[in-house]
Amino acid sequence: MKLRKQVTVCGGAIFCVAVFSLYLMLDRVQHDPARRQSSGNFPRSQISVLQNRIEQLEQLLEENHQIISHIKDSVMELTDTGAVSPSGHLPFRSANGSWVLPFDGRPTFLAVKPQDCQFAVGNRGQADVQMLDVYSLLKFDNPDGGVWKQGFDITYEPDEWDNEPLQVFVVPHSHNDPGWVKTFDKYFTDQTQHILNNMVVKLAEDPRRKFIWSEISFFSKWWETADIHKQEAVRKLILGGQLEIVTGGWVMTDEANVHYFAMIDQLIEGHQWLERNLGITPRSGWAVDPFGHSATMPYLLKRANLTSMLIQRVHYSIKKHFASTRSLEFMWRQAWDTGANTDIFCHMMPFYSYDVPHTCGPDPKICCQFDFKRLPGGRINCPWKVPPKTVVEANIAERAHLLLDQYRKKSKLYRSKVLLVPLGDDFRYDKALEWDQQYINYQKLFDYMNTHPEMHVQAQFGTLTDYFNAVYKAHSIPQGSRPPEYPVLSGDFFAYADREDHYWTGYFTSRPFYKSLDRVIESHLRGAEILYSLAVANARHAGMEGRYPVSDYALLVDARRSVGLFQHHDAITGTAKENVVIDYGTRLLRSLIGLKRVIINAAHFLVMKNKEFYRFYQTEPFLETVSENVDRPSVPALEKPGLKTMYVVLFNPVEQERLCAVTVLVNTVRVRILTEDGQTVPVQLSAQWSSASQMSAEATFMARLPPLGLAVFHLYDSPDSPMTLRSDTLLRLPGRSVTARAGDPLPVRSQQADRKDDPREVKVQMQFMVYGTRPSKDKSGAYLFLPDGKAKPYNQKEPPVVRVVEGPLFSEVVAHYQHFQQTIRIHNVPGVDGLSVEITTMVDIRDQTNKELAMRLVTDIQSGDVFYTDLNGFQMQPRRHYLKLPLQANFYPMPSQAYIQDSHHRLTLHTAQSLGVSSLESGQLEVIMDRRLMQDDNRGLGQGLKDNKKTANRFRLLLERRSTGNKMTDSGTTSFPSILSHMTDAVLNHEVLALPVLPKRRGIPPLQTFAPLKSLLPCDFHLLNMRSIQSQDPHSPSPYTALILHRLGLDCGLEVQNLGFNCTTTQGQLNVSGLFKNLDLQLLQPMSLTLMHSSTPLANDSTISLDPMEISAFKLKLR
């Protein structure tokens, strides 16, 4: 309690890193050379000496405040000042204190074709319903709607079905969470296996019975243990249309926090499994439980050749509005679509839940009486106090009419005379008794209805696709096409509220450690897939397939499945029980170890200069991967005491050339680093701080890495290393007299060279804020964000310990607070790395109760109430801050970026992990970093969030300027990042992997850089994956590779700086056969996104073409 009081009572506002500028660094600290310790270690005995000098430092810092100088782009520096280094090529400091580096001054060019810029400004296909308009239209009030609490009274005329009877499809389903309050395996053992075993028996008893299943993670586990008779029975049920696999993904994915790489990957994994084991292709999507729905999902399902989809968890006010306008079924179209190519038919369920009480009609009290699992004597009953009755001769007429009345009312909300009635709930049908209770009673009701023509109804069990097909047939149109008069909708369905002001916006941040881990593993998975595909193809080309560890494929499969499992809507969301979270984490870490092995083995083969020398030893790896350092994930450890020389291989997972600063730990300060051809590179030595004042050495050097390639560098201990320079470090410890002050705004210049005509700066201030939760009744939990009002500034009594490091390659400011450590780093590198500010916040709130920590950026950008957040790292979605909504309703998921803009500037916060974001005032962006909550929020989890970990949240802050004469062109409904922003996202999400070469007794054979691409990939293409396709044996690959490409949408209206690589666009054209060096392309076949449907193969030398935003898959045979 005492501690809690201290934290809350702490006076003084935050002394934020904002005291230092983002782009302006401390420069003229007059160090006393005798006083400066090169080791930077401060033994306890010297603390008192330091205390005496704090006052001097105070003054110096104050002086600094006025005389900070700008780190300029070195190339600009040389051209502006005409400066020449005294020694000709060494790094040196120019007159104004900026560092000038010797670069491999290769000029880079930017050649974006004007046609490739048209997409962002072009016309869009008009949607009838635009979700942004729906938001501004609705009051979001919550009047009592009668039996349908959140809706309205539904009435009908008894003769409405006289000419066209009502067709009812009752669809039995069982929602199986692959982990939630039990682990995946425990659910399988306790429930899922029994559901599937009973299904085989019970469906076979009557050909009229139907069932749908969606989660392939569970289905595949059951299949592996099922005997041949069960497997045959399943094939027969599917063939006969009694069992349908819906969506067919590995899981029913979350749609808020997931990245589109993983959404696609888990869908491919499920579909590949179905193709191999059952030979079927899913037609309809089923998503009854994700907490809000993203517009990315309909696009991916459409690209996978599904024709229809269903969604359920949508804000109750939106459901009510759609029901009243009969718009619950619509064609869902991408906001950026210029035609109708992305349209997919979507059915939205109208009521509160997918359980039986909320699916037969508007009155749960009546519907519950038709959930025959709740018959008296069972474990569960009806909360409305009227139990179901077994259907018998005496009551059948009354029961059938009561149920038909609900069916008719529900059908009034839709435009066709076809009705969908789901029949199921979580983990239903696990006992044979329940199959009998439901199927026998319903069959009696159907038989009665169907034999009484005066009821004008045709009722039966059906699958989801049976329902959709009947809708298409009723309108006499082909499957998947738009029924006449049905609305076209674009936009998404966040944020979700299921009742009152209970917005499910907390889970956008819950358990950020795992959200972060997920993305690290996804990057490793993509890197491993690409390197594995290239290594196997190169081994085939060299006739060395037998010597390569092709069996690594099993490790890839394991990782795909672990990552796929984690995309489940109770996993990445942070909404599972603590022991289940640990289970997911264990699986992910196991996969990470496997992926590192795949990467090492592929890199080993690919960097050998003479492949004849290549030997693979399972027990003796050639390379190692460095363990992720918790405090700074980007620092690989290269410490080997007594080692005089070593090689390191750097892997660049990005599809463009990369000029970047790479940091490795070293065991000597006399390090010299050479490129493969013997050129010495500039190195900045700095302290690696294990705590606020403990350190060892780390070397940062400049590397130019080939796209998707492996570059070899040589490190050795050399007394003569003139290119190796030490950083200056200034440590500021809090003195007794110092109080924390609110940070002054930091000027950030919006371009690197000072413009003579317009020195306009954007002031960016960073504040840390704290949210509490409500004092009574409903409180925040894993799902819900229910704050106790506006955020309060984060306070602590002591000012932070601040460390300023400055040098030729990077400068950084680190501030240590009680609950977080903030690092702001600027790279003095030409190109993408040097154009944004790197921000890392280590958060640790384990001693807090019911607190959420937020980082808020405050700027003078005139953004009004509009901000932009991404959906799944795939597309940008404009948002508006509404005062009519509660604070928590204005938060949205931010899987990869959010920005605010006005007619002059755009400020983008790029993130390496999914978190919740909002803009609560003009010019602000605010991110929730972590949340610690002591209670359950009544959504079935039964726990709070108390298992917080120390978590590094990584960001890049990018300020861009609208080019003059190119004012904002964003329509209200679409917006696109710039090419620089896309590249910043790529370098943040796909860090360079450092692979040290392990010393060998026999010496190290000659190594060479591996650069796989023969020609540049256009810079508006993202290579999403190169995935080796399975053979009939699930643990070994076929000779085929899936190449998945995404053509990015570009906003060209922002000024482009020197990107550091050659960037060209080609109007979406790409010649695949000319892409890979030393490999022959033997097949080029366009495929559906999940590889289930193929088109005619193209001629091998064909040029493929992608539209902006398009994701396409191709089957390649490379050797």
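Helices here are DSSP runs of H or I with at least four residues, strands are E runs of at least two, and both are numbered from the N terminus. This is a predicted model, where local features need pLDDT of at least 70, side-chain atom pairs count only at pLDDT 80 or more, and totals for chains, interfaces and linings use all residues. Residues are numbered from 1 along each chain as its sequence is written, and side-chain values use heavy atoms, leaving out hydrogens and water.

**The helix pair**

- The axes of α17 (residues 553-566) and α18 (residues 578-607) come within 9 Å and cross at roughly 145°; axes are lines fitted to C-alpha atoms, for helices over the stretch in contact, and angles run from 0 to 180 degrees between N-to-C directions.
- Contact (heavy atoms within 4.5 Å) involves residues including Leu555 and Phe566 of α17, and Tyr584 and Val598 of α18.

**The sheet**

- Have a look at the open sheet: its 4 strands run in the order β19-β22-β17-β41, with antiparallel pairing.
- Strands pair if DSSP finds at least two bridges between them.
- At the edges are β19 (671-674) and β41 (993-996), each pairing on one side only.
- From one strand to the next, the twist averages 30°.
- β19 pairs with β22 (residues 710-717) over 4 bridges, in the antiparallel sense.
- Leu674 has His714 in β22 as its bridge partner.

**Where helix meets sheet**

- α18 also packs on the sheet, touching β17 (645-651), β22 and β41.
- The direction of α18 makes about 85° with that of β22.
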